[in-house]
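Come along while I look things up, one topic at a time.

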Amino acid sequence: MDNSKDTMIVISDLHLSAGFNEETKRYSREEDFFFDNEFKRFLECLEKENQGKNHLIINGDLFDFLQVNGDFAKRLEKQGKVKLDKKEDVYGLGTEPHKTVFKLQRIRDGHKTFFEALKDFLSKGNELSIISGNHDIELYWEEVQKELINILSDKDNAIKERIKFHLWFYYNENNKIYIEHGNQYDKMNSFEIIVNPVIPSLKDKILLPLGSFFVRYFFNKLEDVNPFADNIKPYSRYITWSLRNQKLKSFKIIWKYSLTLIKSFLRSKGLKDKDKKELLREAQPKIDSISKETGFSLQTIDRLRMKLAPPVTKGYFTFILNAAIILTIIFSLILLSASIYLKYAYDLNFQFLSLAPPLFFLLIKWVMSKFRKDYLLKAAKEIKTKILKDVKIIVMGHTHDPAIKKIGDDCWYYNTSTWTTVFSEEERLIRDEKQFAFLKIKLTDKGPDAQLMRWNDAAGECEQLILFEENKK
């Protein structure tokens with residue numbers, strides 16, 4: 001990358017999916033990103049303020065390949081372009097390189113303004129780094145990277161040189177800035193071998209974590225009922241609402257797709273030690289490349305890798321324990337849906353049925369507390385104190401929650417939130433103030449100067465992101 005760039009702009013979690021369909025003049029029901037024009041104006045503002053000297057870093061989940069599904073796959077099969085595996089006509093294309101290229105092309109067609117804006121931004125001399133997240137892990141494939149580069153460069157070699165991909169993390173050695181998506185510290189969404197995330201026996205498919213199975217085989221079907229389901233946090237709040245207000249539809253979806261989710265979980269055990277060693281051996285050239293690019297020793301990279309959370313299905317005891325928890329949740333969903341349906345559809349005055357929703361919510365809250373503690377801040381602290389002691393800035397995303405925290409005397413941790421809409425209990429009053437968030441890092445002679453900001457599209461300018469002091473109680 002060109003060292004003349006004096007400003008880094010970090011954004012994450014855009015989740016572009018199939019977008020707008022020119023044939024139907026409608027959006028995909030699984031789409032979460034409706035802000036192509038806002039993004040275009042954002043990039044134009046960055047270029048106007050700092051002509052040709054911006055380094056845009058998209059820190060994971062730029063695309064949501066998991067949510068490109070539906071009739072798109074069936075049309076490709078009819079055209080003779082792909083041969084669908086079992087269930088792909090229902091759940092969408094798999095993770096193979098050529099199928100992901102088709103998904104990327106579908107995303108491009110559904111977000112023309114977005115891609116044109118990025119092309120124009122790059123043509124002005126700005127740079128782009130893309131870090132993979134759990135929803136766009138297929139950027140691992142070279143075929144997919146080449147297709148995206150061709151889309152953004154129009155085969156202009158100068159622009160091609162300004163586009164870089166980072167499967168795991170990005171590190172700026174001169175300014176001591178470490179940027180990672182964060183899913184690798186989330187047991188539900190971590191990949192056991194992030195530098196080689198393939199299925200050992202297939203090699204052309206990605207070994208997806210349990211969280212991806214949940215989206216692919218279950219939650220996408222809930223979004224068919226309510227397109228904004230994925231934007232409601234936590235998921236338990238949406239599911240409870242859906243079961244109360246759309247009883248029959250939700251009841252059918254839970255009964256129809258829960259079995260597929262259970263089967264997927266039971267098949268998603270962690271890698272055997274033999275396979276793990278083989279995948280690491282195959283990934284050694286990539287690890288060597290990361291070492292050369294970042295200046296990290298192989299020992300440092302191995303220490304970073306050892307801090308990653310093992311998948312929720314790793315280890316027999318853990319697998320059995322988590323299987324019991326997840327099966328409990330699913331069967332609770334089934335019982336809850338049945339009880340609500342009976343209570344409200346037939347007006348049966350059974351008092352015990354009225355206990356189902358609050359009991360279910362408490363169960364979900366307890367389980368999620370086991371998985372969703374502030375693991376990103378904990379990981380950032382360990383990176384700073386135990387591995388990269390001279391790091392000045394650590395940036396993550398993944399959780400869609402903006403955050404700022406000082407670590408020690410000379411390091412700041414940031415979470416860059418998301419560019420999609422999030423409707424949560426905590427943010428109902430000021431959620432608009434947390435949309436379009438980004439981290440602006442000015443690279444100065446005195447060191448990096450970072451500020452968490454947001455794009456105010458109505459005003460046409462960037463402004464400070466509103467975050468309140470922590471509630472000490």
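**Aromatic rings.** I began with the rule for rings: those of Phe, Tyr and Trp (its six-membered ring) pair if their centres lie within 6.5 Å, and planes under 30 degrees apart count as stacked, over 60 as edge-to-face and the rest as tilted. I also noted that this is a predicted model, in which local features need pLDDT of at least 70 and side-chain atom pairs count only at pLDDT 80 or more, while totals for chains, interfaces and linings use all residues. Residues are numbered from 1 along each chain as its sequence is written, and side-chain values use heavy atoms, with hydrogens and water left out.

Which residues form one aromatic cluster? I found Phe33, Phe35, Phe39, Phe42, Phe63, Phe65, Phe114, Phe115, Trp419, Phe436, Phe438 and Trp455 in it.

I then looked up the pairs, and the structure holds 20 of them. Phe114 and Phe115 make an edge-to-face pair, with 5.6 Å from centre to centre and 75° between the planes. Both of these Phe residues are buried, a word that stands for under 20% relative accessible area, with exposed for over 50% and partly exposed in between (1.4 Å probe, protein chains only). The ring planes of Trp168 and Phe169 are at 75° and the centres are 4.9 Å apart, so I wrote this pair down as edge-to-face. Trp168 and Phe169 are buried too.

**Salt bridges.** My next search was for a side-chain nitrogen of Lys or Arg within 4 Å of a carboxyl oxygen of Asp or Glu, which is what a salt bridge is here. I got 24 salt bridges in the structure.

- Lys25 bridges to Glu22, with 3.3 Å between the closest N and O atoms. Lys25 is exposed at 56% relative accessibility, and Glu22 is partly exposed at 40%.
- Glu44 and Lys40 form a salt bridge with closest N and O atoms 2.7 Å apart. The two are separated by about one helical turn because they sit four residues apart in helix 1 (residues 36-49). Glu44 is partly exposed at 39%, and Lys40 is partly exposed at 33%.
- Lys99 and Glu96 meet in a salt bridge of 3.4 Å, N to O. Are they buried or exposed? Lys99 is buried at 2% relative accessibility, and Glu96 is buried at 4%. Shared partners join Asp85, Glu88, Glu96, Lys99 and Lys205 into one network of salt bridges.

**A charge without a bridge.** I looked up Arg162 and found it in the loop between helix 7 (157-160) and strand 6 (163-166); helices (H or I, at least four residues) and strands (E, at least two) are DSSP runs, numbered from the N terminus. Arg162 is buried yet has no salt bridge, and the nearest side chain of opposite charge, Asp156, is 6.0 Å away. Lys and Arg count as positive and Asp and Glu as negative, with His and the chain ends not counted. A polar atom of the Arg162 side chain lies 3.5 Å from the backbone oxygen of Ala158.

My last stop was an open sheet of five strands in the order 7-8-10-12-11, with mixed pairing; two strands pair if DSSP finds at least two bridges between them. Strand 7 (169-172) and strand 11 (403-407) stand at the edges with a single partner strand each, so one side of each has no neighbour in the sheet. Strand 8 (residues 177-180) and strand 10 (residues 393-396) pair in the parallel sense over three bridges. Opposite Ile179 I found Val395 in strand 10.

Terms used:
A polar contact is a pair of N or O atoms within 3.5 Å; within protein, one must be able to donate a hydrogen and the other to accept it, and residues adjacent in sequence count only if both atoms are side-chain atoms.
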